[in-house]
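Colleague: I have a model open and would like to talk it through with you. Could you walk me through the chain, the sheet and the charged pairs?

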Amino acid sequence: MSLPTEFRDWAYLPSEIVGFISTKVKSIKDYVRFRAVCSSWCSASLPNLRHHPPQLPWLMLPYNPFKPGDSSWLVFYDFWTYKMHKFHIPLSNDTTCYASFLGWLLLVGSEGEEALLLNPITQARIQLPPFTDGVDKTFANSKLTFSANPTDPNCMITVFSKRSRLLFCCQVGDSCWKMYRLNDTTKLADVTYNNGLLYMLYEGDMNHMMIYASTKLVEKIVLEPKLRTATKCFLEGKSEVYVLALHPMKNIEIYQLDQQFLELRLISDTSNNTAIFYADNSPCLAVSTDDWDSLDGGSVYLDYNCSSNSWKSAVQSLYRIYCAQWGNASIRRVVQDPRPQQEATLAT
């Protein structure tokens, strides 16, 4: 005897079971497919992606290669599968993505009057306070970080614009930002959260790290003199605080913060199992190649937009991503503009 239709249709699985299964899906690509099975699975699966292990970053293209000028689609390149992914995100024409962190995009209107965090996969949106002083080109490629998942009402959000020397902080639900304007002598290199504390990394003569609990300074850690000339950034995706140092001679060092003695300790020369993603005038993103077989250790992945046009109307733009090896003059292309009629070579 055959079972009733409602027991043969996967769409009728109890939402609790569907939600539990969704937490076991580790790949974001598979998670998207899981939620696309049917409307009931989409509504029952968690919009919170924090259960996933650290994912290989996707590169967001500065324009729509499939339909130039159409800003209602966001297009990403996935290093994991070597494929393009596009998401239909209806936005106003004056909305620009200025930063991203853990899958969330910081979207801001041209005058700063509207700001939000958007997860393009789940379509979840978190409204943010407006940037009342407006935004300009110097606001591009800002650093976004937060203390918890933005869906947590206690989450603290920080936006750092290195080019405009501005630091913005707020809590989810706040009506305005706390803005800090850095002077010319304050050379802030990077910011991040760890266990609810805000870490600020300085470069040049201000060769130290500051730790804040809310707005209260908790500790100031003086760094080794040799790190004064190094380009420094936090190594995201770790449970502890790590600092990546790129020295002028191109060698890479990784330091871990000893929480007991409050000092940075060199853990080893791990350049062979570290890959760095770098975009012009943007903070570096470092990931471990132990987690991703498709990446080359000791490499820097660079992206070039060979056009001065806005990403909104980059009809003539030529987009390439290259991989350069530290200490090696060779450079190879790992992805190119998907439109085959537009070819270009890298000018160095």
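**A walk through the model**

Modeller: Happy to! Among contacts in the protein chain between residues at least 6 apart in sequence, 41% join residues at least 24 apart, where a contact means heavy atoms within 4.5 Å. Please keep in mind that this is a predicted model, in which local features need pLDDT of at least 70 and side-chain atom pairs count only at pLDDT 80 or more, while totals for chains, interfaces and linings use all residues. Residues are numbered from 1 along each chain as its sequence is written, and side-chain values use heavy atoms, with hydrogens and water left out.

Colleague: Thanks! What percentage of the residues of the protein chain count as buried?

Modeller: Buried means under 20% relative accessible area, exposed means over 50%, and partly exposed lies in between (1.4 Å probe, protein chains only). The protein chain has 348 residues, and the share that counts as buried is 47%.

Colleague: What is the order of the open sheet of 4 strands?

Modeller: Two strands pair if DSSP finds at least two bridges between them. The pairing in this open sheet is antiparallel, and the order of its 4 strands is β8-β9-β10-β11.

Colleague: Which strands stand at the edges of that sheet?

Modeller: An edge strand here has a single partner, so one of its sides is left without a neighbour in the sheet. From one strand to the next, the twist averages 15°, an angle between axes fitted to C-alpha atoms and taken from 0 to 180 degrees between N-to-C directions. The edge strands are β8 (143-146) and β11 (178-181).

Colleague: Which residue in β11 is the bridge partner of Phe 168?

Modeller: Strand β10 (residues 166-171) pairs with β11 in the antiparallel sense, over 4 bridges. Facing Phe 168 as its bridge partner in β11 is Met 179.

Colleague: How far apart in space are Leu 167 and Leu 188?

Modeller: Leu 167 has its place in strand β10 and counts as buried because its relative accessibility is 4%. Beyond residues up to four places away in sequence, Leu 167 touches several others, including Phe 160, Met 179, Leu 188 and Met 200. Leu 167 and Leu 188 are 21 residues apart in sequence, and C-alpha to C-alpha they are apart in space by 9.7 Å.

Colleague: On to the charges! Which residue meets Lys 143 in a salt bridge?

Modeller: A salt bridge is a side-chain nitrogen of Lys or Arg within 4 Å of a carboxyl oxygen of Asp or Glu, and the structure holds 5 of them. In this one the N to O distance is 2.8 Å, and the partner of Lys 143 is Asp 190.

Colleague: Are Lys 143 and Asp 190 buried or exposed?

Modeller: Lys 143 has 10% relative accessibility, so it falls in the buried class. Asp 190 has 1% relative accessibility, and Asp 190 therefore also counts as buried.

Colleague: Where does Lys 162, the partner of Glu 203, lie?

Modeller: The closest N and O atoms of Lys 162 and Glu 203 are 3.4 Å apart. Glu 203 lies in the loop between β13 (197-202) and β14 (208-213), so the pair ties together parts that are 41 residues apart in sequence; Lys 162 itself lies in the loop between β9 (156-161) and β10.

Colleague: Is Asp 205 buried or exposed?

Modeller: Asp 205 forms a salt bridge with Arg 228, with the closest N and O atoms 3.9 Å apart. Arg 228 has 36% relative accessibility and so is partly exposed. Asp 205 has 71% relative accessibility, so Asp 205 counts as exposed.

Colleague: One last item: what accessible area do Ile 17, Phe 20 and Ile 21 have together?

Modeller: Patches are made of residues with over 30% relative accessible area and no salt bridge, like charges being joined within 9 Å and nonpolar side chains (Val, Leu, Ile, Met, Phe, Trp, Tyr) within 5 Å. Ile 21, in helix α2 (residues 15-22), counts as partly exposed because its relative accessibility is 36%. Areas come from the Shrake-Rupley method with a 1.4 Å probe, and for residues only the protein chains shown count as cover. Ile 17, Phe 20 and Ile 21 form a nonpolar patch on the surface, and their accessible area together is about 280 Å².

Conventions
Helix = DSSP H or I, 4+ residues; strand = E, 2+ residues; numbered from the N terminus.
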